[in-house]
Amino acid sequence: MRALLTGGAGYIGSHTAVAMLDAGHEVFVVDNFANSSAESIKRVEQITSRTVKLYEADVSDKAAMDRILGEVAPDVVIHFAGLKAVGESVSKPVEYYRNNIDTTLTLLESMKDNGVKRIVFSSSATVYGDNNQPPFTEDMAKGMCTNPYGWTKWMQEQILADANVADPELSVVLLRYFNPVGAHESGMIGEDPKGVPNNLMPFISQVAVGRRDKLTVFGNDYDTPDGTCRRDYIHVMDLAEGHVKAAEYSLNNKGTEIFNLGTGNPYSVLDMVNSFEAACGHPIKYEIGSRRAGDVQDSWADATKAAKVLSWKAERNIDQMCLDSWNWQMKNPDGY
Ligand code: NAD
Ligand code: UFG
């Protein structure tokens with residue numbers, strides 16, 4: 001199949017490009033490099049010995065998207081493009097709503113005008129909000145989000161589902177990611193955050209490689225076995241392979257389907273520190289700080305629907321996640 005990946009130069013998009021190419025599909029990427037560079041796609045080509053046509057454009061530019069969709073004629077669009085920093089979304093809500101909602105609206109308009117009927121969307125476990133109890137199942141009512149970024153995902157899901165009501169010929173697959181970590185086993189592509197990382201894994205790996213002095217653990221007074229929050233960390237290559245299954249599923253299905261992409265196994269912040277220490281072979285310096293505003297105590301998936309319907313299951317454990325993050329970080333201490 002021919003797949004257009006919006007935001008495909010980013011962390012999850014570049015790994016999905018590898019998985020799609022490995023599965024024998026053709027990959028096209030559109031990205032404005034707001035949070036990435038063309039280097040990741042060069043490396044995708046090196047890993048797979050395949051070529052990827054890369055378009056530099058903003059997904060909210062209708063004329064550009066019409067040209068690209070017209071030229072590529074994709075069977076499916078996998079829509080990763082968006083801004084994703086939770087904290088930044090609190091200080092720049094308008095930019096987040098503008099970028100994340102506009103890209104999705106423009107993409108839907110352009111898909112309609114170009115006869116493209118299938119879309120796989122990057123949603124997030126954040127839409128379960130802070131009032132549902134894990135493990136989260138897809139049929140739970142969406143919750144109250146704790147930040148503008150989360151609301152953009154919540155709203156984009158709604159927009160896509162509504163578009164499908166109006167056009168029953170559409171196939172809309174909403175993928176709710178849990179906590180993607182790790183890197184491709186080659187260590188050639190990985191997560192390359194700009195500035196101070198917001199997320200746990202890149203922060204730990206920058207401490208491990210000596211770029212940062214110590215990790216601050218945000219709270220150890222939660223009602224969990226070691227007092228720190230628990231998350232469902234998922235290896236980015238497992239997540240990428242979930243996209244291949246979702247895109248293949250969309251070829252023969254219409255309507256809107258939601259899938260959790262997680263492992264179903266919760267790990268605490270200190271579990272991750274311990275596992276990373278084993279991976280890198282030295283201690284990770286950390287201190288206990290206060291709770292971070294907006295954090296939920298527990299988040300993990302019930303991943304049985306994806307196993308049943310997509311025949312997909314995450315295979316890689318947290319030791320593998322930490323080993324691969326460390327391998328990427330060591331080989332690329334300053335990122336791309
Ligand atoms: P990323 O920032 O690495 O990738 C996003 C890509 O989109 C970047 O390459 C960026 O340059 C591009 N982009 C942003 N706005 C654009 C625009 N207007 N036009 C064209 N390109 C644009 O982030 P990621 O971690 O790979 O996340 C991919 C998607 O998955 C995002 O939608 C994100 O919200 C979602 N998601 C991520 C996580 C996570 O923890 N990483 C969790 C849940 C959901
Ligand atoms: N944490 C620390 N110190 C840090 C960074 C994080 O202790 O320096 C802790 C957090 O408090 C949390 C855990 O590590 O308990 C994981 O935090 P992340 O920021 O890595 O991930 P979140 O679960 O907060 O958020 C992630 C994505 C969101 C997405 C959400 C879905 O960043 O985009 O998962 O569950 F919406």
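Q: Which backbone atom lies 2.9 Å from an oxygen atom of ligand 2?
A: This is a predicted model. A polar contact is read from a pair of N or O atoms within 3.5 Å. Here a backbone N or O atom of Phe218 is 2.9 Å from an oxygen atom of ligand 2.

Q: Which side chains have a polar atom 2.6 Å from an oxygen atom of ligand 2?
A: Arg231 has a side-chain N or O atom 2.6 Å from an oxygen atom of ligand 2. For Asp295, a polar side-chain atom is likewise placed 2.6 Å from a ligand 2 oxygen atom.

Q: How many residues surround ligand 2, and which are the closest?
A: A shell is read as a list of residues, then by class and by element. For ligand 2 the list has 18 residues, with Ser124, Asn199, Thr216, Arg231 and Asp295 the closest. By class, 9 are nonpolar, 6 polar and 3 charged.

Q: Which element gives the most to the shell around ligand 2?
A: Strand 8, residues 215-218, gives the most, with 4 residues.

Q: Now to ligand 1. Which residues are the closest to ligand 1, and how many surround it?
A: The shell around ligand 1 has 27 residues. The closest are Ile12, Asp31, Asn35, Ser36 and Tyr149. Divided by class, the shell holds 12 nonpolar, 11 polar and 4 charged residues.

Q: Which elements each supply at least two residues of the shell around ligand 1?
A: They are helix 1 (11-22), helix 5 (93-113), strand 5 (118-124) and helix 6 (148-166). Strand 5 gives the most, with 3 residues.

Q: What polar side-chain atoms lie 2.7 Å and 3.2 Å from atoms of ligand 1?
A: Read the atom type on each side of the pair. A polar side-chain atom of Asn35 lies 2.7 Å from an oxygen atom of ligand 1.

Q: Which polar backbone atom is 2.8 Å from an oxygen atom of ligand 1?
A: That atom belongs to Phe80. As for cover, ligand 1 taken alone exposes 820 Å², of which the protein buries 95%.

Q: What does the side chain of His15 reach at 3.0 Å?
A: The side chain reaches the backbone nitrogen of His184. Not counting residues up to four places away in sequence, His15 touches Ala183, His184, Ile189, Gly190, Val236, Met237 and Ala240.

Q: Where does Thr6 lie, and what does Thr6 touch?
A: Thr6 is in strand 1, residues 2-6. With residues up to four places away in sequence left out, the residues that Thr6 touches include Val30, Val59, Phe80, Ala81 and Leu107. The relative accessible area of Thr6 is 0%, so Thr6 is buried.

Q: Is Asn198 buried or partly exposed?
A: Asn198 has a relative accessible area of 43%, so Asn198 is partly exposed. Asn198 is found in the loop between strand 7 (179-181) and helix 7 (200-208). Beyond neighbours within four places in sequence, Asn198 is in contact with Ala85 and Arg292.

Q: How many helices and strands does the protein have?
A: The secondary structure comes to 11 helices and 14 strands. The radius of gyration is 19 Å, close to the 20 Å from the globule rule for 336 residues, so the protein is as compact as a globular protein of that length.

Q: What share of the residues of the protein count as buried?
A: Of the 336 residues, 52% count as buried. The protein exposes about 13900 Å², with 48% of it supplied by carbon and sulfur atoms.

Terms used: Residues are numbered from 1 along each chain as its sequence is written. Chains are lettered from A and ligands numbered from 1 in the order in which they are written. This is a predicted model: local features need pLDDT of at least 70, side-chain atom pairs count only at pLDDT 80 or more; totals for chains, interfaces and linings use all residues. Side-chain values use heavy atoms; hydrogens and water are left out. A residue is near a molecule or strand if one of its heavy atoms lies within 4 Å of it. A polar contact is a pair of N or O atoms within 3.5 Å; within protein, one must be able to donate a hydrogen and the other to accept it, and residues adjacent in sequence count only if both atoms are side-chain atoms. Ala, Val, Leu, Ile, Met, Phe, Trp, Tyr, Cys and Pro count as nonpolar, Asp, Glu, Lys and Arg as charged, and the others, Gly among them, as polar. The radius of gyration is taken over C-alpha atoms; the globule rule is 2.2 Å times the number of residues to the power 0.38. Buried means under 20% relative accessible area, exposed over 50%, partly exposed in between (1.4 Å probe, protein chains only). Accessible areas come from the Shrake-Rupley method with a 1.4 Å probe; for residues, only the protein chains shown count as cover. Contact means heavy atoms within 4.5 Å.
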